[in-house]
Amino acid sequence: MTKKQRAGLVQQELDKLYPTTPIPLDHTDPYTLMVAVALSAQTTDKKVNQVTPDLFKVAGTPQRMARLEEFEIKELIKEIGLSNTKAKNLKRMAELLLERHNGIVPQTYEELEALPGVGHKTASVVMSQAFGLPAFPVDTHIHRLMTQWKLTSGKNVVETERDAKSLWKEEVWNKLHLQIIYYGREYSPARGKGEKDFITKMLFDK
């Protein structure tokens with residue numbers, strides 16, 4: 001079976017499992033999504049969704065976030081890992097949005113990645129999930145599963161993203177990256193033994 005054939009089978013099975021792909025992080029607009037994604041680094045979406053309602057009540061816009069002191073932001077997100085760094089980033093992110101973009105989340109990678117706390121993955125999520133622009137954000141689930149499915153030999157997420165974009169058509173990227181994340185969580189968690197990972201078995205146990 002070629003790599004392209006494996007990719008086609010993966011997409012076929014994921015479409016059966018996850019015909020719809022709700023966005024895992026609770027948000028109301030591009031700004032609150034960007035904040036939630038920045039907070040999700042090295043923690044779970046579930047934990048972020050527990051913390052953001054109180055945060056967004058007092059700082060749901062760049063204007064309101066920028067008015068808070070770092071220690072106030074940290075108090076609101078203290079249950080999340082790396083809260084010191086994230087509080088600092090959120091304040092400066094809000095300030096720069098106001099200074100450079102009139103408080104509006106930009107729609108280019110260059111402008112997004114120039115904001116504190118916004119790396120390429122976060123920018124890709126915002127482009128995909130906030131603006132509907134074609135992107136393939138690669139998280140640890142996607143990197144691990146694509147390696148497992150022999151769809152990439154990427155040594156890092158940059159190479160894995162490149163391989164994903166070459167294997168699947170642009171119009172499915174936004175849905176497919178979420179489908180793989182959902183599959184990883186449900187059928188092939190990093191700490192599990194992969195007993196439920198039927199896609200890997202289907203591809204290689206023939």
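Some ground rules before we start. Residues are numbered from 1 along each chain as its sequence is written, side-chain values use heavy atoms, and hydrogens and water are left out. Since the model is predicted, local features need pLDDT of at least 70 and side-chain atom pairs count only at pLDDT 80 or more, while totals for chains, interfaces and linings use all residues.

Let me begin with the annotation. An unreviewed UniProt entry lists residues 39-186 as "domain: HhH-GPD". UniProt positions are given here in the numbering of this model, with feature names shortened, and such annotations may be inferred rather than shown by experiment. Over that range the chain is 67% helix and 0% strand, and the end C-alpha atoms are 22 Å apart. Helices (H or I, at least four residues) and strands (E, at least two) are DSSP runs, numbered from the N terminus.

Next, the cores. A nonpolar core is a set of buried Ala, Val, Leu, Ile, Met, Phe, Trp, Tyr and Cys residues joined through side-chain atoms within 4.5 Å. Buried means under 20% relative accessible area, exposed over 50%, and partly exposed in between, with a 1.4 Å probe and protein chains only. The largest core has 35 residues, and Tyr31, Met34, Val35, Leu55, Met65 and Met93 touch the most other members. Two or more residues each come from H2, helix H3 (45-59), helix H4 (62-67), helix H5 (70-77), H6 and H8. H2 gives the largest share, eight residues.

Take Leu55 from that group. Not counting residues up to four places away in sequence, Leu55 touches Val35, Leu39, Gly60, Met65, Leu76, Ile77 and Leu90. Contact here means heavy atoms within 4.5 Å. Apart from this core lies another, of 25 residues, including Val10, Ile180, Ile181 and Tyr183.

Now helix H8, residues 120-130. How many of its eleven residues are buried? Eight are, so to speak of H8 as mostly covered follows from the cut-off for buried, under 20%. Among them are Thr122, Ser124, Met127 and Gln129. What do the buried residues of H8 pack against? They pack against helix H2 (30-39), helix H7 (109-113), helix H10 (157-167) and helix H11 (173-187). After H8 comes Gly132, with a positive phi near 70°.

Last, the rings. Rings of Phe, Tyr and Trp (its six-membered ring) pair if their centres lie within 6.5 Å; planes under 30 degrees apart count as stacked, over 60 as edge-to-face and the rest as tilted. By this rule there are six aromatic pairs. One of them joins Tyr18 and Tyr182, 5.7 Å centre to centre with 40° between the planes, and is tilted. Tyr18 is in the loop between helix H1 (3-17) and H2, and Tyr182 is in helix H11, so this pair ties together parts 164 residues apart in sequence. Both are buried, Tyr18 at 9% relative accessible area and Tyr182 at 16%.

Tyr183 and Tyr187 form a stacked pair, because their ring centres are 4.9 Å apart and their planes are at 20°. Both sit in helix H11, four residues apart, about one turn of the helix. Tyr183 is buried at 0%, and Tyr187 at 16%.
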